[in-house]
Amino acid sequence: MEALTQPDDLEDETADVGETIRLLGVSDSLRRPLIHAAIQALNLPPGSRGLDVGCGIGLQARQLAEAVGPSGHITGLDLSPQLLQHANRLAARSGLADRITFREGDMHALPFDDGAFDWLWSADCAGYAAAEPLRLMRELARVVRPGGIVAILFWSSQMLLPGHPLLEARLNATRAGIAPFVAEMGPELHPLTALRWFRQAGLENTWVKTLAGTAHAPLDEDIRNALVALLEMRWTGAEAELSPEDRAAYRRLCLAESPDFILNRPGYYAFFTYSLFCGRVAR
């Protein structure tokens with residue numbers, strides 16, 4: 001936020017944060033099983049200390065706390081004090097407040113000592129088109145003890161419009177569709193090249209795992225609401241780059257108020273993937 005923020009700007013920012021909290025909460029039922037599977041793939045040691053970078057409202061921090069057990073501890077880090085306030089409330093409601101600490105901070109300058117954690121996790125944050133990925137990876141690895149894991153998880157693909165591959169391809173080719181990557185960036189900054197970042201940063205035993213999730217009719221209320229939120233998040237702002245015909249098709253298929261909304265189809269099916277990149281800090 002700029003130093004000289006006007007009252008209207010404050011209201012807009014509060015509204016934006018509120019919408020972010022809503023979308024994160026609503027979409028959690030769709031993403032939670034894949035994130036659970038990713039956490040399980042790490043085999044985090046019971047009683048270990050971990051850092052959740054870009055923790056948002058703390059949804060993954062709670063899963064991580066459950067994974068390491070009652071003798072472990074999770075520190076969640078985020079730039080937004082509003083998101084952290086909400087995260088603290090959710091942790092208290094879940095009964096995990098004594099096992100999770102939330103702290104405001106920047107992942108590019110982590111406010112922790114060298115080797116302070118047994119492992120580091122970042123979901124939908126550190127993997128997204130960092131301007132200086134090598135510098136970022138070195139900073140993430142700095143706060144993990146030798147032999148500890150650095151794990152980055154991010155959304156990597158989706159097929160949400162069955163039967164409409166051309167429209168979906170065009171949506172995915174817009175600025176919104178490729179975000180946070182932008183066309184002006186070199187390919188080495190795309191998140192799917194993160195394995196190179198890990199190795200250049202000196203991390204060892206690097207590996208990648210892709211996890212796929214599905215949704216199909218009949219959709220229960222939680223999954224339907226999560227898919228509505230996902231369609232809203234994925235291609236917001238893409239209409240301006242579409243032809244009039246594609247724009248009309250997008251509005252007909254992707255807007256919940258449309259009578260032809262794609263989620264209303266009795267045979268609806270979709271899939272999506274997360275990619276998990278891991279490495280160990282050199283001993």
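Because the model is predicted, local features need pLDDT of at least 70 and side-chain atom pairs count only at pLDDT 80 or more, whereas totals for chains, interfaces and linings use all residues. Residues are numbered from 1 along each chain as its sequence is written, and side-chain values use heavy atoms, with hydrogens and water left out.

Rolling a probe the size of a water molecule over the atoms shows where empty space is left. On a 1 Å grid over the protein atoms alone, a pocket is an open set of points where a 1.4 Å probe fits, with protein on both sides within 12 Å along at least five of seven lines. The largest pocket here has a volume of about 1,200 Å³, a volume being the space filled by probe spheres set on the points, which are joined across faces, edges and corners. The lining, meaning residues with an atom within 4 Å of a point, comprises 41 residues, and those closest to the pocket centre are Asp-124, Tyr-128, Trp-155, Ala-179 and Pro-180.

Several elements contribute to this lining; helices (H or I, at least four residues) and strands (E, at least two) are DSSP runs, numbered from the N terminus. At least two lining residues come from each of α1 (7-42), α2 (59-68), β5 (144-159), α6 (175-178) and α8 (221-235). Helix α1 gives the most, with 7 residues. By residue class, the lining of the largest pocket holds 24 nonpolar, 13 polar and 4 charged residues; Ala, Val, Leu, Ile, Met, Phe, Trp, Tyr, Cys and Pro count as nonpolar, Asp, Glu, Lys and Arg as charged, and the others, Gly among them, as polar.

Most residues other than glycine have a negative phi, and most peptide bonds are trans. Asp-124, one of the residues closest to the centre of the largest pocket, has a positive phi of about 55° although it is not a glycine. Asp-124 belongs to the loop between β4 and α4 and is partly exposed, with a relative accessible area of 26%; buried means under 20%, exposed over 50%, and partly exposed in between (1.4 Å probe, protein chains only). Asn-43, in the loop between α1 and β1, likewise has a positive phi, near 50°, but Asn-43 is exposed, with a relative accessible area of 63%.

Two cis peptide bonds also deserve attention. The bond from Ala-179 to Pro-180 is cis, with omega near 5°, and Pro-180 is placed in the loop between α6 and α7. Both Ala-179 and Pro-180 are among the residues closest to the centre of the largest pocket. The bond from Ala-217 to Pro-218 is cis as well, with omega near -5°, and Pro-218 sits in the loop between β6 (204-216) and α8.

Attention now turns to the packing of helices. The axes of α5 (residues 165-172) and α9 (residues 244-254) come within 11 Å and cross at roughly 100°; axes are lines fitted to C-alpha atoms, for helices over the stretch in contact, and angles run from 0 to 180 degrees between N-to-C directions. The two helices are therefore roughly perpendicular, a term for angles of 65 to 115 degrees. Leu-167, Arg-170 and Leu-171 of α5 meet Asp-246, Ala-249, Tyr-250 and Leu-253 of α9, contact meaning heavy atoms within 4.5 Å. The residues of this contact divide into 5 nonpolar, no polar and 2 charged.

In helix α4 (residues 133-142), the buried residues are Pro-133, Leu-136, Met-137, Glu-139, Leu-140 and Ala-141. Their cover includes β1 (49-53), β4 (117-123), β5 and α7 (194-200).

Strand β2 (residues 73-78) contains Ile-74, which is buried with a relative accessible area of 0%. Beyond its neighbours within four places in sequence, Ile-74 has contacts that include Gly-50, Asp-52, Ala-61, Leu-64 and Trp-119. Thr-75, also in β2, is buried with a relative accessible area of 10%. With neighbours within four places again left aside, the contacts of Thr-75 include Leu-51, Phe-112 and Phe-117.

Key:
Parallel < 35°, antiparallel > 145°, perpendicular 65-115°, else oblique.
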